[in-house]
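Here is a short briefing on a two-chain structure. Please keep the sequence and the 3D view open as you read.

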Amino acid sequence: MADYGLVLAAFTAPIEIGTTPSSMLWMFPLLAAIALVYKATKMRVLFTKKYLLESLLLFLSVSGFLIMAIIVLNLLSWLVTS
Amino acid sequence: MAETNTNNRLSLDKGLWLIIVGLAAWMIPGAGHFLIRERKRGIILFSVTTALFVTGLFVGSMGVVDWVTGRIWFYAQILYSPAVGLIGNITKHGGYPVYGRPCDVGQIYTCIAGMLNLLCILSAVYMAYCGRGEMIGHEEEQDNG
């Protein structure tokens with residue numbers, strides 16, 4: 001019973017996340033979830049292997065695009081401030 | 001005359017069926033797909049959206065669901081399930097700390113979970129409307145066999 005209390009207590013206070021560049025890593029689980037749900041609703045027939053492969057491809061392409069956007073924006077801010 | 005009555009009855013039944021599927025998909029994420037025999041799809045959607053929502057609550061605390069000060073966020077969050085309203089009722093007095101980056105991450109995760117469930121609701125209703133659940137199940141059986 002005390003274990004359930006501890007689990008519930010974990011939801012009453014936020015965890016520690018600093019305002020550091022590494023906090024951007026929190027976007028990857030979100031992207032994975034979006035890719036999995038999108039492909040689950042979009043694919044006409046769900047075959048496990050094909051579904052996982054297509055979800056992975058979508059996840060990688062969206063992640064790649066976002067990483068590119070981060071690099072471009074950083075370069076722009078470096079050019080403007082230097 | 002009798003044929004028109006039968007057609008009306010059929011369209012009424014179908015409309016009711018679509019409403020039931022939509023409501024089930026809202027009450028329990030993935031349940032709409034489960035009703036139309038898309039069990040694998042339903043289990044995936046339930047697991048992923050629930051994991052996302054629970055992670056959001058864990059990261060930002062229950063305080064991220066707040067219909068008093070964060071009403072716009074709440075509209076997206078309640079798309080996940082009506083149960084979110086119960087959480088909002090618990091947190092409305094503001095007894096749960098929520099601040100900084102964990103608040104951002106928690107709010108984004110819970111809102112995206114809600115909006116993904118909206119996608120699931122629309123997908124389930126559309127599949128029920130097309131009668132695709134049975135067709136896909138049949139195709140899948142043939143392909144596996």
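The expected span of a helix is 1.5 Å times one less than its number of residues. Helix α2 of chain A, with 16 residues, reaches 22 Å from its first C-alpha to its last, close to the 22 Å expected. Bear in mind that this is a predicted model.

**Chain A overall**

- Chain A contains three helices and zero strands. Read from the N terminus, the order is α-α-α.
- Chain A is more spread out than a compact globule, because its radius of gyration is 19 Å, well over the 12 Å that the globule rule gives for 82 residues.
- Along the principal axes, the C-alpha atoms of chain A fill a box of roughly 60 × 40 × 15 Å.
- Of the 82 residues in chain A, 11% are buried.

- Helix α3(A) has 34 residues, which should span 50 Å at 1.5 Å a residue. The end C-alpha atoms of α3(A) are 49 Å apart, which agrees.
- Helix α3(A) is hardly covered. The count of buried residues among its 34 residues is one.
- Which residues of α2(A) are buried? They are A:Ala33, A:Ile34, A:Ala35, A:Leu36, A:Val37, A:Lys39 and A:Ala40.
- The cover over the buried residues of α2(A) includes α3 (48-81) of chain A. It also includes α3 and α6 of chain B.
- A:Tyr38 counts as partly exposed, with 18 C-beta neighbours inside 10 Å; a buried residue needs 20 or more.
- A:Tyr38 and A:Glu16 are 22 residues apart in sequence. Their C-alpha atoms are 30 Å apart in space.

**The contact between the chains**

- Chain A puts 22 residues into the contact, and chain B puts in 33 residues.
- On the side of chain A that touches chain B, 16 residues are nonpolar, five are polar and one is charged.

**The largest nonpolar core**

- This core has 44 residues. A:Val37, B:Ala25, B:Ile112 and B:Ala124 touch the most other members.
- Chain A contributes two or more residues to the core through α2 (27-42). In chain B, the elements that do so are α1 (2-27), α2 (31-35), α3 (39-60), α4, α5 and α6 (100-130).
- Which element gives the most to this core? It is α6(B), with 13 residues.
- As background, nonpolar side chains tend to be buried together in soluble globular proteins.
- Leaving out residues up to four places away in sequence, B:Ala124 touches B:Val21, B:Gly22, B:Ala25, B:Gly32, B:His33 and B:Ile36.

**Helix α5 of chain B**

- In α5 (residues 83-91) of chain B, the residues B:Val84, B:Ile87 and B:Thr91 are buried.
- Why do they lie on the same side of α5(B)? They cover an arc of only 55° around the axis, which puts them there.
- An α-helix has 3.6 residues a turn, so residues three or four places apart point the same way.
- B:Leu86 and B:Asn89 are exposed, on the other side of α5(B).
- The buried residues of α5(B) pack against α4 (71-77) of chain B.

**Single residues in chain B**

- B:Arg37 is not a glycine, yet it has a positive phi of about 65°. B:Arg37 belongs to the loop between α2 and α3 of chain B. With 17 C-beta neighbours inside 10 Å, B:Arg37 is partly exposed.
- B:Ser61 is not a glycine either, and its phi is positive at about 80°. B:Ser61 is placed in the loop between α3 and α4 of chain B.
- Is B:Ser61 buried or exposed? B:Ser61 is buried, because 23 other C-beta atoms lie within 10 Å.
- B:Asp104 is part of helix α6 of chain B. B:Asp104 is partly exposed, with 17 other C-beta atoms within 10 Å.
- B:Asp104 and B:Gly56 are 48 residues apart in sequence. In space they are 9.4 Å apart, C-alpha to C-alpha.

Methods:
Residues are numbered from 1 along each chain as its sequence is written. Chains are lettered from A and ligands numbered from 1 in the order in which they are written. This is a predicted model: local features need pLDDT of at least 70, side-chain atom pairs count only at pLDDT 80 or more; totals for chains, interfaces and linings use all residues. Helices (H or I, at least four residues) and strands (E, at least two) are DSSP runs, numbered from the N terminus. The radius of gyration is taken over C-alpha atoms; the globule rule is 2.2 Å times the number of residues to the power 0.38. A residue is buried if 20 or more other C-beta atoms lie within 10 Å of its own, exposed if 12 or fewer, and partly exposed in between; C-beta atoms are placed from the backbone. Two residues are in contact if their C-beta atoms, placed from the backbone, lie within 7 Å. Ala, Val, Leu, Ile, Met, Phe, Trp, Tyr, Cys and Pro count as nonpolar, Asp, Glu, Lys and Arg as charged, and the others, Gly among them, as polar. The arc is that of the directions from the helix axis to the C-beta atoms. A nonpolar core is a set of buried Ala, Val, Leu, Ile, Met, Phe, Trp, Tyr and Cys residues joined through C-beta atoms within 7 Å.
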